[in-house]
Amino acid sequence: MASASAAAAELPAGRGRYDGSRPDRHRSGPVMLALGALGVVFGDIGTSPLYALQTVFTADSHRVGTEPVEVYGVISLVFWAITVIVSVKYVTFILRADNDGEGGIMALTALLRNCRLKTRRGKAVLVALGIFGASLFYGDGIITPAISVLSAVEGVKVAAPGLGHLVVPITLTVLTGLFLIQRYGTGLVGKLFGPVMALWFTVLAAAGINGISKDPAILKALSPTYGAAFIASHGAIAFVAMGSVVLAVTGAEALYADMGHFGRPPITRAWFFVVFPALTLNYLGQGAIIMRTPSAVENPFFLTVPGWARIPMVLLATVATIIASQSVISGAFSVTRQAVQLGFLPRMTIRHTSEREVGQVYSPAINWGLYVAVVVLVLGFGSSAALASAYGVAVTGTFILNTVLFLVVARSLWGKPRWLIALGATVFLTTEVAFFTANLTKIAHGGWLPLLVAAAVFTVLMTWQRGRTIVTRNRTQAEGPLLEFVEHLRTLDPPLHRVPGTAVFLDANPDTTPLALRANVEHNHVLQERVIIMNIQVRNVPHVSDTDRLTANDLGFDDDGISSLQAGYGFQDEPNVPAALRLAVEHGHLRSQDLDEVTYFLSRITLVQSDEPNMPTWRKKLFLTISHNSAHPVEYFGLPIERSISMGEQIPL
């Protein structure tokens, strides 16, 4: 037998710290939100021109040639990959699939729970696919900061070869600084990074125009016929090229996952008016340079700018690639919060970093977990070239899963016609499956890494969800209905002995009996003269005024000293139970003497590993381990530790 002590879920299971609707999520001006989105959302995809085309033409010992049909074909593939996957699929369609304003594959997973499918098994499989897609996002999330910052700092080797040995130390220093500033929130990060990325995209466009001026014929590559002709005439070579072309669209999933930070309109405006045009012009400019000078494939990006501007461009590119890490970091915060809300992770510390934007959050545990993983990658691989082979598998896998889940939501939840679903599946899945297949060759050369991370995360998420379901069912049965318990107390003969003082029992579910209350009555056979069953609700507004904070209920009897008190807080408010009780006195819900001697009771459950075949033994052990890391309610709710008592009972797993 194994056991673990788990804190009572004083918040509703699976809902994190949010409930209800989310009105007026984003109240900053549209320009500021779009500028912030440039700094947080588009860093990853915005720095792809640094290495995407270079990788296409140099991979596998320069297997892709520089003949016009090949250059036009590659540029066409890049342009249409960005158009179909990012502009059409993500920005135009998938950003509309939000869960209460949140984006990312976890949002689609949440929406699936409201879909009407023919079988429960089918829904369970789709939800599992969504969770695996979120796990793939974490796998990619540890690679992006490592490869982005390494590729930037490696410019030191070009500018000053004698300082090459400092690449890894400088990289680790930069990464440490990046993760340190996360606690100030994506709003502040966006204000810092937004202007830099606005300059970056302006320079991208200018450099692209400069390159196009060298060979304007490259504009013909915008036609999809060149990409189709390249695939038809260079089958094997085109397959190799597609494995690298996908680098041009990495960051699209982060764009979706970060939607909760800024909202769909600012991201859409920033993409179509700034990012997409700048990327298109830059890739065309690089293609023109390669057409004019085939040897430029070694570094086509920097050759699109005049010689006098290359050193400043190196400095700007260094900053931009550091910023590229931000999109996956902030995306990981959003995905984590949604995982908590959906019941796939235990209650974690999630800090809201903006009084104006409900979606801007920071998770210390995820932040520093990512940091440790990224540091290990930098030390283990040592260079961006070594990490490049691991890039792409997780991204393309997530693309496919997003498409499948989105099409199910569009059909089952929104009622879109079958012909439209079939058209979407044909266009999107054909493209994405081709990219995924091309990247499978990378698995043996490092692509296994994000898959291994995803498998580990998937195991944790599904184990917690399954274990929580079992524990919640068993706990609800042990708690029993609250009103029935209150009525039962009135029928006891002899009556229950009441002692002086006030007892406050925190409860996750206002309809069931707190385990601590039941244990106190059954084992101690006493109860305080005044009993308050308190439920904390966190609403989707920054602050809740004192006048709207409290709701009291006498639970059907006004002469037994037992009542319930619900306290509402905004997402920027700090839940504080003692302060709420003092406010209840001011509002007349309690008497001042009720607070003279208060004892706080927390419902704690001891999870006991049972012999029931509801979960494999190793998964039960994993669940018990995870349960130790849930946030402790004493500190969370501002309770005085010297007057807080934990009571409860064993709950089988």
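Helix H5 (residues 105-112) is mostly covered, with eight of its eight residues buried; buried means under 20% relative accessible area, exposed over 50%, and partly exposed in between (1.4 Å probe, protein chains only). Helices (H or I, at least four residues) and strands (E, at least two) are DSSP runs, numbered from the N terminus. This is a predicted model, in which local features need pLDDT of at least 70, side-chain atom pairs count only at pLDDT 80 or more, and totals for chains, interfaces and linings use all residues. Residues are numbered from 1 along each chain as its sequence is written, and side-chain values use heavy atoms, with hydrogens and water left out.

**Helix H5 and Asn402**
- The buried residues of H5 are Ile105, Met106, Ala107, Leu108, Thr109, Ala110, Leu111 and Leu112.
- Asn402 lies in helix H18 (residues 393-412).
- Asn402 counts as buried because its relative accessible area is 0%.
- Contact means heavy atoms within 4.5 Å; leaving aside neighbours within four places in sequence, Asn402 is in contact with Lys89, Tyr90, Ile94, Ile105, Leu108, Glu253 and Tyr256.
- The side chains of Asn402 and Tyr90 make a polar contact (3.1 Å), that is, a pair of N or O atoms within 3.5 Å; within protein, one must be able to donate a hydrogen and the other to accept it, and residues adjacent in sequence count only if both atoms are side-chain atoms.

**Aromatic rings**
- The structure holds 15 aromatic pairs; rings of Phe, Tyr and Trp (its six-membered ring) pair if their centres lie within 6.5 Å, and planes under 30 degrees apart count as stacked, over 60 as edge-to-face and the rest as tilted.
- Phe132 and Phe458 form an edge-to-face pair, 5.6 Å centre to centre with 85° between the planes.
- Phe132 is in helix H6 (residues 120-153) and Phe458 in helix H20 (residues 448-479), so this pair ties together parts that are 326 residues apart in sequence.
- Phe132 is partly exposed at 29% relative accessibility, and Phe458 is partly exposed at 23%.
- Trp271 and Phe276 form a stacked pair, 5.4 Å centre to centre with 10° between the planes.
- Both Trp271 and Phe276 are buried.
- One aromatic cluster is formed by Phe42, Phe79, Trp80, Trp271 and Phe276.

**Whole protein**
- The protein has 26 helices and nine strands.
- Of its 653 residues, 57% count as buried.
- Among contacts between residues at least 6 apart in sequence, 84% join residues at least 24 apart.
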